[in-house]
Amino acid sequence: MIIDIFFKMLFDSIIYGPIHSRRLGVSLGVNLMPTDKKLCTFNCVYCECGWNTQALYPLLPSRAAVRQELEAKLIALQAEGIRPDVITFSGNGEPTLHPDFLGIIQDTCALRDRYCPSAKVSVLSNSTQLGRTEVREALMLVDNRILKLDSAIDETMRRIDQPLNQELTVAQIKEWLAWFRGDFTLQTCFLRGEHAGQPIDNTTETELKAWYQAVEQLRPKQLMIYVIDRATPEQHLEKITRDEMERIAAPLQAKGFPISISA
């Protein structure tokens, strides 16, 4: 199925939701990026936030503002008897780009412990900042480190994710992921189609062989595989069927890897 009408989805506040996440349950979102544009180290062809519109000096929320707004929201939810399953860092781009990411995570864990101790703190990251010590330190404080690897082949990774760092390699990403010794969730979006006249398909036999090998090397505690669910900035993409996703998952499930499928 080709999804051919695109409406850019940007979060216009620091705290949003709670919303129902396909993968995480009742999720209270935290957006550390600008509220009027996407800021990311990737320019993924399937991103619901659209193409990057990088600013030289983007306006990011301060650590104090994030803490104040999150606490106010948690107090309000507590008064309503609503308990989120998870506090999720995602939003309009790559959350680990925020210069105060470590401090914000420390504040968030403290507020979670005070107002909703049963909730998990999750970070969805594209893995490009894992080489930074403070980012790894912050991620070790959270419950769910959900880290992206859309292809284990450089050419395909670059076509799908379009990293701003043209020298980024899969080997580099895998080296960073290995630092967590399997204590993370590996997230992959499967799709096919074309962009700028070039084919895109991370479901081929060659692609899957390389991806399976990467999974077995990294041995993440969980895998999340999913398909495009909303309209995408690149219109010539195909949504993979549930049956095909189950076939992709089967060889790893047979080896005992826990896999959640969103299709």
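## Cavity, helix packing and backbone

By the rule applied here, the count comes to one cavity of 30 Å³ or more. The model is a predicted one. The largest cavity holds about 30 Å³ of space. Its lining is formed by Phe42, Asn126, Lys148, Leu149, Asp150, Met157, Asp161 and Ile173. By class, the lining of the largest cavity consists of four nonpolar, one polar and three charged residues.

Two helix pairs are described next, and α6 takes part in both. The table gives the geometry of each pair.

| Helix pair | Axis separation | Angle | Handedness |
|---|---|---|---|
| α5 (residues 170–178) and α6 | 10 Å | about 25° | right-handed |
| α6 (residues 205–218) and α7 (residues 242–254) | within 11 Å | roughly 40° | right-handed |

Consider α5 and α6. Their axes are 10 Å apart and the packing angle is about 25°. Angles under 35 degrees count as roughly parallel, and α5 and α6 are therefore roughly parallel to each other. On the α5 side the contact involves Lys174, Leu177 and Ala178, which meet Ala214, Gln217 and Leu218 of α6. This contact of α5 with α6 comprises four nonpolar, one polar and one charged residues.

How do the axes of α6 and α7 cross? They come within 11 Å of each other, at roughly 40°. That angle makes α6 oblique to α7. In α6, the residues in contact are Leu208, Trp211, Tyr212, Val215 and Glu216, and their partners in α7 are Arg247, Ile248, Pro251 and Leu252. Sorted by class, the contact of α6 with α7 has seven nonpolar, no polar and two charged residues.

Two backbone details remain. Most residues other than glycine have a negative phi, and most peptide bonds are trans.

Which residues does a cis peptide bond join? The bond lies between glycine 17 and proline 18, with omega of about 10°. Proline 18 is placed in strand β1, which spans residues 15–21.

What is the phi of alanine 196? The value is near 55°, which is positive in a residue other than glycine. Alanine 196 belongs to the loop between β7 (191–195) and β8 (198–201).

Methods:
Residues numbered from 1 in each chain as written. Predicted model: local features only at pLDDT ≥ 70, side-chain atom pairs only at ≥ 80, totals over all residues. Heavy atoms only, no water. 1 Å grid on protein atoms, 1.4 Å probe; cavity = no way out; pocket = protein on both sides within 12 Å on 5 of 7 lines; lining within 4 Å. Points joined across faces, edges and corners; volume = space filled by probe spheres on them. Nonpolar A, V, L, I, M, F, W, Y, C, P; charged D, E, K, R; others polar. Axes fitted to C-alpha atoms, helices over the stretch in contact; angles between N-to-C directions. Helix = DSSP H or I, 4+ residues; strand = E, 2+ residues; numbered from the N terminus. Parallel < 35°, antiparallel > 145°, perpendicular 65-115°, else oblique. Left-handed = near helix turned anticlockwise from the far one by under 90°. Contact = heavy atoms within 4.5 Å.
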